[in-house]
Amino acid sequence: MIWGIFKRDMCHATRNVIAVIVSMGLVVVPALYAWFNIAASWDPYGNTKALKVAVANNDKGYKSDLIPVRVNVGETIISTLHANDQLDWQFVKSDKAIDGVKSGEYYAAIVIPKGFSADMMTLFSPDIKHAQLKYYLNEKINPIAPHITDQGATTVVNTIDKTFAKTIAQVGLDLASSILHYSQSPQMAEYMRNLNGNLTTMADTLSGASQQVTSYSQLLGSANDIVDSTGKLLASATKAGKQAQNALKQGKSGATSLTSAGANVTSSVNTALDQVSGAFDQVAAKVNKAFDAIGKDSDTAASQLATLSEQISSGESLYDTYITSLNHMRESVEQLPDSDSAKQALLEAIDREITLLEAAKGDSQKLAQQLKDASTQVTQDTAAAERSRKEILNRITSAKQSISNVRDDYATNVKPKIDALASTVSTLISQTDSMITQLSGTADDLDDVTGDAGTNVTSIRSTLGAIAKKLDSSAATVKELITKLETGGNAGDGNSDGGNGGNDASSSDSGESDELRALATANASTLSTLISAPVALHRVSVYPIANYGSAMAPFYTILSIWVGAIILCAMLKVTISDREKAHVLGLGDTLPRIAGPSGPGNASRWGLRLDHEYFGRYAIFALLALLQGTLVCLGDTYFLGVQANHALQFLAVGWLAALVFSNIVYTLTVSFGDIGKAVAVVLLVMQVAGSGGTFPIETLPKFFQMLYPFLPFPHAIDAMHAAMAGSYGNEYLLDMVYLALFLIPSLLLGLMLRKPVIRLNNWVSRNLESTKVM
């Protein structure tokens, strides 16, 4: 019976030219629908060069005493955009740019304000301003264009941020390199050698003078006639004193050079600390930018916050390195004699510095944790995210205050100790000069009393003993200073044995010097580029799709197959006439009167059951649907060039979708007539919105996410994606099985529930006919 109905349908469909043309049209029209849509969306984002975006530069630039070079960030932006072909950049005046956006001549406009460069350079002032670009956007022209131009504006902002960060980092690295090179220059080495030589000469002279005074005091006790030789001895001592005074003058020159070098180091440290403080301002700006993106792109905001957290965490090692260096320095200071009055003060200064650095490190750790916590909150709770934003900004302020405390402590405690080193030399020189002057005065006094030597010998010997002790003490102090300078110099050079008592401190400082030397010899431009953009994104495609057209092909292909099923039911009859039933049964042109009114199942007494009618007429629908699916899939692959790594699997999805969709629409039409066709159109509309073919299903409202598994479109599209790019495990087979399962409710309605539905449909039809309109 089924074969008989199908044969007669095929004969009727090919009886004349018009019937053949219409049948061909039924096969071709769905394919044309898919091909036009796929071809039109083949590479839309590759043609953005035609989108006009205006750029107006009003930046007046910036120049100050601190930075004598004129800075104009706006000009840098313009020159960069001239080389950018992402969009059709139009460089015009600001008035024309704004008016062009309003009129629709430009899709968007970027206006650089007058004080843009000045606002960016406020990074180095207490009153920091956030530099802003004015971005004008015409959103009514096209729904997609604003998103493309937004991406272009974001590119401009990212370029500015990276360029500015690179410039500041390069300036800081060049400054550190210059200081290190100067500390290793021959001039600085010559200063240190002269200072050590002068101090050594002075120590030897003082020791010699002390020995001479002691010898003279002993000679005074042996005989009064030795008094006559005191003039010569005193003259010799006076001459030695003058030599010592000359050495002291050279020592003063060395002390002055040491003080100057200390001042240079102090300036470098302050500059470095200011740059660290400025870096927290950049972090604050990026935090604000990330939180501002909440609601628009929460995932990107979370990613940015997580990236900031990792960057801040990676910087904690710098605090540990600095604290370790201070501990090594403290161990070296503890080796000094307890009689040294500067020892305790220096230890206290180092302890304070370590405490402040640990506090700064703690603030940095808390900031990193808060950023990490905030990265998980931005996609969950906007209110909590805003609170996290305030807490993070407060934590950044606290971290900046910790850096300020370190800088203030350096200025009030560490720097005075550096100055005290030069002051010790100056004090020693003054004391020794005073003793030499006193010795000269003593010689003059003795010239007046040689006539009464016996009376004054005891007094003279007492005075000379005191002078000898002072000379010995001064010589010991000078030798101790020489040892400290040699230890410090060897630690700085990193290639000598360190003299006396400098083993541990020298090795530690030598390691730090090696790190600084490596930094100085590195390429400052390369390092500054790394600092401005520390992370490079290496994109790895998993199951790559060749182009946007191929990516959209499954959606439009599956949609066209459903449209083809609706067209078939609109153009072909789903019911079989009594005349056709009679011919199939071999009863002539009409059924006997006993068959009753015309309708489904009225020939069942002669063996033509409802299921025979259902499958017999559906056979031609299935054939044409398969031809539709075959044509559209082959055209996608070989005409448009859509990617299909597994062409046979791709074609199999089209065949199965054609059978399932045609059966669903056919069953609805057979069961409910024109109302069934309307239901098929409603199902089409629902699946266009909720299939996940264009946007991820996770981005759709909750209703569509719940409806998603119960629609055939998503499973057919997923199976076609797997056939195009590759399947993970049994992904392809599972989607094909899920798609085939939709035949079960369709066949259940068309076969098992057919009789009650027929009565319902007849009742609806009678009521519609009674209106004389429907």
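Predicted model: local features only at pLDDT ≥ 70, side-chain atom pairs only at ≥ 80, totals over all residues.
1. A residue is taken as buried when its relative accessible area is under 20%. K581, at 0% relative accessibility, therefore counts as buried. This lysine belongs to helix α17, which covers residues 578–585. Beyond its neighbours within four places in sequence, K581 is in contact with I576, L591, G599, P600, G601, N602, A603, L608 and E613.

2. The secondary structure consists of 25 helices and four strands.

3. Which residues have the most contacts inside the largest nonpolar core? They are I558, W562, F621, F661 and Y666, in a core of 63 residues. At least two residues of this core come from each of α1 (2–13), α2 (17–40), α16 (548–571), α18 (610–640), α19 (647–672), α20 (674–690), α22 (712–725) and α23 (731–740). Another core, of 14 residues, lies apart from this one and includes V55, V73, I78 and W89. As a general matter, nonpolar side chains in soluble globular proteins tend to be buried together.

4. The packing of α2 against α18 can be described in some detail. The two helices pack at an angle of about 30°, and their axes are 8 Å apart. The crossing of α2 with α18 is right-handed. On the α2 side the contact is formed by L26, V27, V28, P30, A31, A34, W35, I38 and A39; α18 contributes L624, L627, Q628, L631, V632, G635, D636, F639 and L640. By class, the residues of this contact comprise 15 nonpolar, two polar and one charged.

5. Helix α18 also holds Y618. Is Y618 buried or exposed? Its relative accessible area is 9%, so Y618 is buried. Outside the four places on either side in sequence, Y618 touches L659, S662, N663 and Y666. The C-alpha atoms of Y618 and V574 are 7.7 Å apart, although 44 residues separate the two in sequence.

6. G750 is placed in helix α24, residues 743–752. This glycine counts as buried because its relative accessibility is 2%. Its contacts, leaving aside neighbours within four places in sequence, are with Y614 and T667. G750 and T669 are 81 residues apart along the chain, with 9.8 Å between their C-alpha atoms.

7. D204 lies in helix α7, which spans residues 186–222. How is D204 to be classed? At 49% relative accessibility, D204 counts as partly exposed, since the exposed class requires over 50%. A separation of 271 residues along the chain divides D204 from A475, yet their C-alpha atoms are 7.4 Å apart.

Definitions and conventions
Residues numbered from 1 in each chain as written. Heavy atoms only, no water. Core = buried A, V, L, I, M, F, W, Y, C linked by side-chain atoms within 4.5 Å. Buried < 20%, exposed > 50% of the residue type's maximum accessible area, 1.4 Å probe, protein only. Axes fitted to C-alpha atoms, helices over the stretch in contact; angles between N-to-C directions. Left-handed = near helix turned anticlockwise from the far one by under 90°. Contact = heavy atoms within 4.5 Å. Nonpolar A, V, L, I, M, F, W, Y, C, P; charged D, E, K, R; others polar.
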